[in-house]
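This briefing covers the salt bridges, the sheet with its helices, and the aromatic pairs of one structure. Please read it alongside the sequence and the model shown here.

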Amino acid sequence: MEKIKVGTFGDDQEESKILIRGDTNNNNNNNNNNNNNNNNKTHNKLAELQESKYYSRTGSSGSNIKMEKLRSLVIRYLKAEKLKSLNRLKLWAAASATTALLLCAWLLQLNNLTEFLRQPGSMFPSSRHQIGPPPQRVYESNGFLMVSTNGGLNQMRAGICDMVTIARYLNATLIVPELDKTSFWNDRSKFEDVFDVDHFITSLRDEVQILKKLPNHHNHPFSMPPVSWSNISYYDKVVLPRMQKYGVLHFTKTDSRLANNGIPLELQKLRCRVNYKALKFTPRIEETGRKIVNLLRQNGPFVVLHLRYEMDMLAFSGCTEGCNGKEIEELTTLRYAYPWWKQKEIDSVRKRRSGGCPLTPEETALALRALDIDPGTQIYIAAGDIYGGERRLAHLRLAFPHLIKKETLLQPSELEPFRNHSNQMAALDYIVSLESDIFIPTHRGNMALIVEGHRRYLGFKPTVVPNKRLLVYLIDQYRNGSLSWNEFSQAVKTGHAGQFGSPTPRLEIPGKPKEEQYFYSNPYECLPPFTQRSS
């Protein structure tokens, strides 16, 4: 396998490091004696695990890999899945062809990208780039817009971006959004506890007026949840008349209330501006996040693994692969306890096979090994408490001994201000995820999607998005002895070739916004010129 070099980002300007292994002999020549000893110990332990249910060995290690057989295996599987959705097949084919053209166009247009590429591939801007606040936009307001966000940090983040954009379109005055305090995480943080509220207001003053609270003399607001995935005409024809009638509107929901596509270009760019420029975390969060990144950088490159295997996700999704009977009962009870989790009866086996479940820690270990992630690489786990604790992390930790969390890097006193504030803890993981050499999410949740898009904005920093449906199929084939390890590994690589967050048009599926690519995961209207010209 050809080595894949991953450049370092942020303040570290050293020579690119290799995180993904190539030829075994070449890789061994590059390691020092200490790393060789550590890796030998790791491989010896892994050899013992080959007989377990997660690492069962089939075939001899000296057998030749038949490339055509592996390609055929992956292609047959993908074709079978694509036949179930003809619309997706056509769009996928078009996107694949376009991607090839994009990569060629990239080389031809580097001169046009000079200004963009000079920007740091980091969320921490250099002080020399700081400028004063923009001039204030003067306009006659049509009314006040109050919003109550819902969901976790990143779901609220996207909602806030949409609400600013809607307020701008309506010529409304926006009140600083209220964060969700009633979700599963029970975080009582206010907007100003997570985001720099003064920066938020001043940085957008040339677009929309934002106030910290509603003036006392105004009417009681008219409350409504906007229709999900609405285009801009809905806000023009339905929402604006109500604002003009009542003077104050209160949106009770903010998640996915604006369509991914068909929105005017200037509004799409405003969504990006809010997300990447206006929504800065508080100085305390940013300083702590920067410290975590610097501590990781002292030991070389690192991968962020967004291991979405927390209790709330498993209860919500109904995914119980690898859980015992007591845990399944606990997760089911929790799902029924929350009325806003509407789906109660869930077939875990079927959902997993369809790619709807987060990868388990054991499945993740197999996937990372198959992709030849170097076992000596630092793996930062961006997540809350893993369900099942160390018992479920054992195989992942054995395969990749350098598993790290913020709790192991920082002193307890340094994390104390953020404890019991899940949104603030998630903000720290968000910062580290942006700065990592590679970002790998195990589930397509809000954080995975929004970090993927943000990393594209920062210069197409590598993101590996696992094809869970394909992975589950291949893992089951490996576990039941139908594939040897080498065949399994090659099939995983073949199935993920080219999926590293490279430039591509956003996948659109008219009439199916939940199935098409999310705006914030691929905001191509805001990306380098070669992506825009491909649309």
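Arg 392 is buried, with a relative accessible area of 2%; buried means under 20% relative accessible area, exposed over 50%, and partly exposed in between, with a 1.4 Å probe and protein chains only. The model is predicted, so local features need pLDDT of at least 70 and side-chain atom pairs count only at pLDDT 80 or more, while totals for chains, interfaces and linings use all residues. Residues are numbered from 1 along each chain as its sequence is written, and side-chain values use heavy atoms, with hydrogens and water left out.

**Salt bridges**

- Arg 392 and Glu 362 meet through their side chains in a salt bridge of 2.9 Å, N to O; the term denotes a side-chain nitrogen of Lys or Arg within 4 Å of a carboxyl oxygen of Asp or Glu.
- This pair links distant parts of the chain, with Glu 362 in helix α15 (residues 361-370) and Arg 392 in helix α16 (residues 389-399), 30 residues apart. Helices (H or I, at least four residues) and strands (E, at least two) are DSSP runs, numbered from the N terminus.
- Glu 362 is likewise buried, at a relative accessible area of 2%.
- Across the whole structure, the search finds 23 salt bridges.
- Asp 162 and Arg 271 form another salt bridge, their closest N and O atoms lying 2.9 Å apart. Distant parts of the chain are joined here: Asp 162 belongs to helix α6 (residues 153-170) and Arg 271 to helix α10 (residues 265-278), 109 residues apart.
- Arg 271 counts as buried at 0% relative accessibility, and Asp 162 is buried at 1%.
- Glu 452 and Arg 456 form a salt bridge with closest N and O atoms 3.1 Å apart. Because they are 4 residues apart in helix α20 (residues 446-457), about one helical turn separates them.
- A network of salt bridges links Glu 321, Arg 352, Glu 363, Asp 476 and Arg 479.

**The sheet and its helices**

- Four strands form an open sheet in the order β10-β9-β8-β11, with parallel pairing; two strands pair if DSSP finds at least two bridges between them.
- The edge strands, each pairing on one side only, are β10 (403-404) and β11 (438-441).
- Strand β8 (residues 302-306) runs parallel to β11 and is joined to it by 4 bridges. His 306 has Pro 441 in β11 as its bridge partner.
- Helix α19 (residues 422-435) packs on the sheet, touching β8, β9 (378-381) and β11, and its direction makes about 135° with that of β8. Contact means heavy atoms within 4.5 Å.
- Helix α20 also packs on the sheet, touching β8 and β11, at about 155° to the direction of β11. Axes are lines fitted to C-alpha atoms, for helices over the stretch in contact, and angles run from 0 to 180 degrees between N-to-C directions.
- Of the 14 residues of α19, 12 are buried, so this helix is largely enclosed by the rest of the structure. Its buried residues include Asp 429 and Tyr 430.

**Aromatic pairs**

- The count comes to 17 aromatic pairs. Rings of Phe, Tyr and Trp (its six-membered ring) pair if their centres lie within 6.5 Å; planes under 30 degrees apart count as stacked, over 60 as edge-to-face and the rest as tilted.
- Phe 195 and Phe 281 are stacked because their ring centres lie 5.6 Å apart with planes at 15°. Both are buried.
- Tyr 478 and Trp 485 form an edge-to-face pair, 5.5 Å centre to centre with 70° between the planes. Both of these residues are buried.
- Ring pairs join Tyr 430 with Phe 191, Phe 195, Phe 200 and Phe 281 in a cluster.
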